[in-house]
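I opened this model to see how its chains are built and where they meet. My notes follow in the order in which I looked things up.

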Amino acid sequence: MHHTSTAERILRGFLLTLVLLFFLFPIFWIFLMSFQTNEDILRIPPSLFFTPTLENYIALISGRLSTVAGDLDIAFMRNLWNSVLLSSLSVGVALILGVPAAYAFARFKFRLGENIAFTLLSFRFAPPLLVLLPLSLYFSELGLSDTYLGLVWVYQLIALPLILWIVRGYFEDISPDIENAYRIDGHSWATTFRKIAIPLARPGIAAASLLAFIFCWNNFVFALVLASADKQPVTVGALAFVTASGIQYGQVAAAIVLSVTPTLMLALYAQRYLVEGLSLGAVKG
Amino acid sequence: MFRRALPYMLSLPALVVCIGILIPFGTAVYYSTQRYNLSFPQARAFIGLENYTDFLSDSAFWNTIEVSLLYTFLTVTLELLLGLGIALLLRKPGRFNNMVSILLLLPLMTAPAIAALMWKLMTNPNFGVLSYLIGLIGFDDFRWASSPSSALFTVVLVDMWVYTPFIMILLLAGLRSLPRQPFEAAELDGVPRSFVFFRITLPMLMPYIITATLFRLLDSIQQFDIIYAMTQGGPGDKLMVFQVQSYLEFFQYTNVGRSAALLMVLWVITYVLSNLFVKHWLKLRERAHGHA
């Protein structure tokens, strides 16, 4: 490689500092805001030095906000719980539906398999509202808008293609010879799948599950269109929060921090698999 | 017999989900051929392609096309340039570079709607830190997303904040997987670096650049979360991209037929793009598996 001169090193360091500043400053600043009182937030010029307070978090967790106009009930913890429930259930269902199908697509070449795989892939790229708007009419007719079941089903649109395409790639990388040898020993197909194929593909299954969880959690438009007020996840809840009157900015910031912490933690944990997962297996990380 | 039926049995649940998606899709196609407004259900009627032909003389439709294309062009171009730049800076594996590339993933893993909220707080005219900072360099009355002249700039900035890391990590993975020999040979021959970049690095990186671009084109033309959370398409109709416009058409003006037709136009665009994507993707897979 080229030898780097001092001037070049300085330039590189300067550019990287700018990059880090742009991408990390917003997270840092909102984090600080979440520990500030309204007076601190409104102070001009803004300051990095203040006496941190936990008031914003306490208000969110207890669900009661004291405002000048009187006490206000908020359901943010409910939103948080909904996000946990919707994302985990959706990933669970997607695993049950997707892993066997991914195995079938990897091991057996059949027309229907390719068709399903590509239909799901093409809907991963289609405008979500195209499906969601008609569904919102169906949901109100079928009485599904007030249920987790309906949402979990629609969330398959996010989770299933991910599971299917990533796990399929992992199954394809496993040589069928291992499975065949085990089958010759007299084990049934189901045992082979459970005892050999799944354990070997475990890293892929884990990566796909983590990513699917993050994407379900971060989704906004599905629940905005379909979920009734008490089934809404944090993404929709936090937005409603800003427009509600009497809410303090520090509390909005605290709600943002609580909403993004789980996915950011998972992302740091799963970062090894992100490249592959984000490109649906098109680029190996 | 069992062995022949097995793949079908295994993929049956996934097939059911597919059909579950295709039903509302079919319904949307059907709605797009109807005069159908939820406020006037008695006027509902089949009108063929009238919703579509009405678009031709509708300035709101052309505004949507213009805004969506401009938004897509700006975000994808800027993110591609910035993402490539950062990937090149971080190219050499090492503890510091790896740590930076991991930290840069944080914006990408933030929900875009929440990211928009974060920027909304930072650009608030009363206390926003960015409003304050930009005031220091002379833009006293810069109104970010609430002014028609800077609204597009602001949402493009938020989009860049969220999605540049996506391009960056794809290209970084690409850069680090390139074979070393051409670069070593070029260095031995004393080939100038600009030549190395344009004639070796860039062409070899092209499959990754195409993958990243297609992904971003498909997402960006459909952007909803950031724009809706930031301004709901305003001020005025300044940010009325496809999905925001059709969302409002549906829920605010209860015009189901028009909304469905607008989404169908968007669907055709994404269909063409996703076919390109699938073709490219299959080629990559074939190559990856051919070499393995």
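**Entry 1: chain A as a whole.** I counted 13 helices and 2 strands in chain A. Helices here are DSSP runs of H or I with at least four residues, strands are runs of E with at least two, and both are numbered from the N terminus. The radius of gyration of chain A is 24 Å, well over the 19 Å that the globule rule gives for 285 residues, so chain A is more spread out than a compact globule. That radius is taken over C-alpha atoms, and the rule is 2.2 Å times the number of residues to the power 0.38. I also checked the box that the C-alpha atoms fill: roughly 75 × 70 × 35 Å along the principal axes.

**Entry 2: ground rules.** I noted that this is a predicted model, in which local features need pLDDT of at least 70, side-chain atom pairs count only at pLDDT 80 or more, and totals for chains, interfaces and linings use all residues. Residues are numbered from 1 along each chain as its sequence is written, while chains are lettered from A and ligands numbered from 1 in the order in which they are written.

**Entry 3: burial and contacts in chain A.** I found that 48% of the 285 residues of chain A count as buried. Buried means that 20 or more other C-beta atoms lie within 10 Å of a residue's own; exposed means 12 or fewer, partly exposed is in between, and the C-beta atoms are placed from the backbone. Next I took the contacts in chain A with a separation of 6 or more: 76% of them join residues 24 or more positions apart. A contact needs C-beta atoms, placed from the backbone, within 7 Å.

**Entry 4: two domains.** How is chain A divided by the domain assignment? I read off domain 1 (6-73) and domain 2 (76-278). These bounds come from an automatic or database domain assignment. The domain centres in chain A, taken over C-alpha atoms, are 31 Å apart. Where they touch, domain 1 of chain A puts in 18 residues and domain 2 of chain A puts in 14 residues. On the domain 1 side, the elements giving two or more residues are H1 (6-33), H2 (38-42), H3 (55-62) and strand S1 (64-67) of chain A. H3(A) gives the most, with 5 residues. I sorted that side of domain 1 by class and got 11 nonpolar, 7 polar and no charged residues. Nonpolar covers Ala, Val, Leu, Ile, Met, Phe, Trp, Tyr, Cys and Pro; charged covers Asp, Glu, Lys and Arg; the others, Gly among them, are polar.

Entry 5: I followed helix H6 (residues 128-142) of chain A, which has 15 residues. H6(A) reaches 20 Å from its first C-alpha to its last, close to the 21 Å expected. The expected span is 1.5 Å times one less than the number of residues. H6(A) bends by about 30° at Leu135(A). The bend is the angle between axes fitted to the seven residues ending there and the seven starting there. Leu135(A) is also one of the buried residues of H6(A), along with others including Pro134(A) and Phe139(A). Just after H6(A), I saw that Gly143(A) has a positive phi of about 70°.

**Entry 6: where the chains meet.** How many residues of chain B are in contact with chain A? I got 74, against 79 residues of chain A. H1(B) gives the most to the chain B side, with 17 residues. That side has 58 nonpolar, 13 polar and 3 charged residues.

**Entry 7: loops of chain B.** Trp144(B) lies in the loop between H7 (129-136) and H8 (151-177) of chain B. Its phi is positive, about 50°, although Trp144(B) is not a glycine. Is Trp144(B) buried or exposed? Trp144(B) counts as buried, because it has 23 C-beta neighbours inside 10 Å.

Thr254(B) sits in the loop between H12 and H13 (256-291) of chain B. Its phi is positive too, near 50°. Thr254(B) is partly exposed, because 15 other C-beta atoms lie within 10 Å.

I ended with Pro235(B), in the loop between H11 (225-231) and H12 (242-251) of chain B. The peptide bond from Gly234(B) to Pro235(B) is cis, with omega near -5°.

Technical notes:
Two residues are in contact if their C-beta atoms, placed from the backbone, lie within 7 Å.
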